[in-house]
Amino acid sequence: MRLPYLPPLRIPVRTIGTRTFDFSRRVAVMAVINRTPDSFYDRGRTFALDRAVAAAYEAVALGADWVDIGGAPFAPGEPIPVEEEASRVVPVIAELRSGSDVVISVDTFHSAVARLAIDAGATVVNDTTGLSDPGLLEVVADSQATLVITHSLAAPRTPYPRPQYDDVAAEVAAFLSERVERAVAAGIPEERIVIDPGHDLNKNTLHSLELTRRLSVIADLGLPTLAAVSNKDFIGETLDADRADRLEGSIAAAVVSIVNGARIIRMHNVAASVAATRMTEAILGLREPAYLRHNMGDLND
């Protein structure tokens, strides 16, 4: 009988901030808060400070383990000044930290923004640019924060036309392995590193589909793997679905990612994602049902 794939995590138990996760038994759901006027999914719905804070607390109430707060989109465009990016994310982090022990990550590649975010209460730096700012490693090493290292090829906010890979999963794994070595050499221990293959980041739809299908190649590196699949263009192109109509595709991609070794999923639709994640954990034998009643007594229900 084929057993479910479980990633060979070298350090499965992680303490991030005040929360502890056993990633051999648990998948964390990361909610997304974009404090940008042009985010690809919500189009500025949470740009205002009060709306961003309210959305963060709502995500926690809906069961998110982790809230990712960003102030600059990944997509090509004019650079966001460091001061402006910090002014967007730091107040949200401070407000959320004042009332919750949830894991908070700052989605940034700037070392200066990361330092201010950590000071405000962020416990993770989520860098989607593959360590483009050399100073970021020093900032994280000098803190207790966890670092998410993501595969991407382009310089920040610049296009990368027609990306080519001979073997996308193997090449992404090699990239991440080298970046992890760089982070460890800079003083960040493995127990504070998470990896992300970067679905859609300098990849076309076929690349992202293959990464999802072969995510175990990434998870085999032995570090917790984050899958940021929610509402991505590879889902829209596969299903011919606008951004508002990608929930079912996002859930399917997240579940397949979990089955193939993801232990953190970054999702916009929190309630549905939490339910799908907990159900997948139970199917994989990682969690017990909330209760047992059906056909458990002398009489059938």
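Is R278 buried or exposed at 15% relative accessibility? R278 counts as buried, because its relative accessibility is 15% and buried means under 20% relative accessible area, with exposed over 50% and partly exposed in between (1.4 Å probe, protein chains only).

## Basis of the values

This is a predicted model, in which local features need pLDDT of at least 70 and side-chain atom pairs count only at pLDDT 80 or more, while totals for chains, interfaces and linings use all residues. Residues are numbered from 1 along each chain as its sequence is written, and side-chain values use heavy atoms, with hydrogens and water left out.

Helices (H or I, at least four residues) and strands (E, at least two) are DSSP runs, numbered from the N terminus. Strand 6 covers residues 124-127 and is covered on both faces. V124 and N126 lie on one side, V125 and D127 on the other, and all are buried. In a regular strand the side chains alternate between the two faces of the sheet.

Two strands pair if DSSP finds at least two bridges between them. Strand 6 pairs in the parallel sense with strand 5 (residues 103-107) over three bridges, and with strand 7 (residues 146-150), also in the parallel sense, over four bridges.

## Crossovers

Strand 5, helix 3 (residues 111-120) and strand 6 form a right-handed β-α-β unit. From strand 6 the chain passes through helix 4 (residues 135-141) to strand 7, and this β-α-β crossover is right-handed. Right-handed here means that, with the strands pointing away from the viewer, the path from the first strand over the helix to the second runs clockwise.

## Salt bridges

A salt bridge is a side-chain nitrogen of Lys or Arg within 4 Å of a carboxyl oxygen of Asp or Glu. The whole structure holds 14 salt bridges. One of them joins R278 and D65 at 3.0 Å, N to O. R278 lies in helix 10 (residues 270-283) and D65 in the loop between helix 1 (49-61) and strand 4 (66-70), so the pair links distant parts of the chain, 213 residues apart. D65 counts as buried because its relative accessibility is 4%.

R88 and E84 meet in a salt bridge at 2.6 Å, N to O. Both residues lie in helix 2 (residues 82-99), four residues apart, about one turn of the helix. R88 is buried, at a relative accessible area of 8%, whereas E84 is partly exposed, at 34%. D167 and R214 form another salt bridge, at 2.9 Å, N to O. This pair also links distant parts of the chain, 47 residues apart: D167 is in the loop between strand 7 and helix 5 (168-185), and R214 is in the loop between helix 6 (205-213) and helix 7 (216-219). D167 is partly exposed at 29%, and R214 is partly exposed at 26%. Salt bridges that share partners join R26, D65, R278, E281 and R287 into one network.

## Aromatic contacts

The whole structure contains one aromatic pair. The ring centres of F21 and F23 are 5.5 Å apart and the planes are at 5 degrees, so the pair is stacked. Rings of Phe, Tyr and Trp (its six-membered ring) pair if their centres lie within 6.5 Å; planes under 30 degrees apart count as stacked, over 60 as edge-to-face and the rest as tilted. F21 is buried at 3% relative accessibility, and F23 is buried with a relative accessible area of 1%.

The charged end of R179 sits over the ring of F175, 4.0 Å from its centre. A charge sits over a ring if NZ of Lys or CZ of Arg is within 6 Å of the ring centre and within 35 degrees of the ring normal.
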